[in-house]
Amino acid sequence: MANMSIPEYRITVDQLRPGVFVRLERSNWFSHPFLFSNFKIKNTDQIAIIRELGITELICVPEKSDVLPLKPSQPQKAAPPSAPAAEILDELWQLKKERTRRLQEKKQRIAECENRYNASIQDFTNIMKGIVRGNAQSVLEAEAFVARLTEHFLRDSESTLHLMNVMNRTEPIYSHSLNVAVLSMMVGRELGLAEEDMKLLGMGALFHDLGKSRMEKKLLLKRGPLSRPEQELMERHPTFGTEILENIEEFPLGALPVILQHHERMDGSGYPEGLAGEAIHPLARIAAIADTYDTLCNSKDPEETLTPYLALSYMFGQQKKLFDTEFLASFIRCLGVYPPGTVVQLTNGTIGMVMSVNPSNQLRPSVVLYDSEVPKKEALIVELAEETDLKVEKSIRLSHLPPEIFDYLSPRSRITYFVDMND
């Protein structure tokens with residue numbers, strides 16, 4: 001490896017050789033056929049392409065190089081490329097054009113996904129209000145809503161989670177409930193639950209916080225620790241929700257344990273009944289994990305909000321005894337090692353945010369990249385599964401991001417998840 005203390009410096013194209021890490025001094029990402037403006041030279045073909053582009057000078061980054069460039073006074077005759085440079089260059093441009101087309105399609109699907117989520121929030125808001133009033137028709141609407149999601153999860157093994165900036169600040173309970181339902185059902189699919197159990201899980205997760213409708217918003221939105229009377233009242237919301245739904249004949253009884261027991265914990269430390277282990281309904285154990293995760297990612301107090309990666313790490317490292325270990329492992333498999341919303345640094349030094357999970361390889365998610373040369377609206381999304389030379393090097397806390405990168409990536413103050421119905 002090169003000496004890491006050597007600062008970056010300018011070199012000529014004649015000094016290039018495989019293993020040298022370079023940065024192109026072009027102002028526009030679309031002015032060259034490479035995926036990145038900074039990369040490690042892999043072979044003589046890349047050197048030939050750089051020459052064909054008319055580039056005469058580049059910036060060498062010794063810290064990331066395997067070898068130093070050739071000395072100017074001792075140029076080395078490069079081996080001929082495997083094909084004519086113009087031919088290779090044309091092929092790269094075609095590949096980049098195709099990549100850009102695919103990225104635009106993916107962004108369009110994400111935009112449609114956001115619209116669908118917003119519409120779902122509105123639909124669910126109306127359903128929730130109907131349920132509070134004891135409206136039997138609202139139960140049928142909720143079952144149809146869950147059935148559509150269930151059908152998709154069961155038939156599409158390639159469904160992915162997308163991170164979207166679709167938070168509803170005025171009614172956070174509705175977006176939280178939908179998140180918990182989607183996340184719970186993803187685990188249910190991973191576990192191979194039957195269609196009826198998926199329906200019950202979805203219904204229970206959607207209405208797990210229904211009992212909070214009996215509480216003042218001032219209490220629900222309060223930041224910081226609750227007083228003992230406030231905490232005692234809060235711990236009654238599973239019971240309140242169960243009581244409301246027991247009075248609606250059409251509501252499926254099999255979903256009630258999810259609502260009553262989603263705050264029970266495997267070690268007996270939960271509420272309202274202090275159940276432990278196998279005494280807790282399996283569907284409630286799934287919802288408990290999804291509920292805890294989304295709460296950690298979307299705390300009422302932004303100072304207490306964890307990134308998805310840290311939330312999973314905390315649950316697995318500090319709270320494992322509270323949850324069903326099999327279900328927790330399934331949850332982690334669904335979200336990946338680096339869940340959507342995690343800010344990461346790649347091995348080439350690029351910083352980005354995980355957008356979706358690659359089911360076949362959790363270590364290679366889809367990442368939207370920060371690049372000051374690319375407009376924010378055209379931000380590049382890289383499928384690490386297709387870039388064998390790249391991988392995630394580490395995750396980064398939001399507080400450690402420079403302001404310009406934070407603004408570019410727009411990390412969400414509220415994380416929401418939905419299914420890309422077209423993948």
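**Pocket and salt-bridge exercises**

The second largest pocket has a volume of about 910 Å³. The model is predicted.

**Exercise 1.** Describe the lining of the second largest pocket by position, element and class.

*Solution.* 
- Start at the centre: of the 30 lining residues, L35, K42, Q46, E387 and D389 lie nearest to it.
- Next, the elements. β3 (38-40), α1 (44-52) and α2 (85-132) each supply at least two lining residues. α2 gives the most, with 8 residues.
- Then sort by class: 13 charged, 11 nonpolar and 6 polar residues.

**Exercise 2.** Is each partner of the K199–E143 salt bridge buried or partly exposed?

*Solution.* 
- Check the contact: the closest N and O atoms of K199 and E143 are 3.5 Å apart.
- Apply the 20% cut-off. E143, at 17%, is buried. K199, at 25%, is partly exposed.

**Exercise 3.** Find which parts of the chain the R285–D324 salt bridge ties together, and whether its partners are buried.

*Solution.* 
- The closest N and O atoms of R285 and D324 are 2.8 Å apart.
- R285 lies in helix α10 (residues 282-297), while D324 lies in the loop between α11 (308-318) and α12, so the pair ties together parts 39 residues apart in sequence.
- Both are under 20%: R285 is buried at 7%, and D324 is buried at 10%.

Methods. Residues are numbered from 1 along each chain as its sequence is written. This is a predicted model: local features need pLDDT of at least 70, side-chain atom pairs count only at pLDDT 80 or more; totals for chains, interfaces and linings use all residues. Side-chain values use heavy atoms; hydrogens and water are left out. On a 1 Å grid over the protein atoms alone, a cavity is a set of points where a 1.4 Å probe fits but cannot get out, and a pocket is an open set with protein on both sides within 12 Å along at least five of seven lines; lining residues have an atom within 4 Å of a point. Grid points are joined across faces, edges and corners, and a volume is the space filled by probe spheres set on the points. Helices (H or I, at least four residues) and strands (E, at least two) are DSSP runs, numbered from the N terminus. Ala, Val, Leu, Ile, Met, Phe, Trp, Tyr, Cys and Pro count as nonpolar, Asp, Glu, Lys and Arg as charged, and the others, Gly among them, as polar. A salt bridge is a side-chain nitrogen of Lys or Arg within 4 Å of a carboxyl oxygen of Asp or Glu. Buried means under 20% relative accessible area, exposed over 50%, partly exposed in between (1.4 Å probe, protein chains only).
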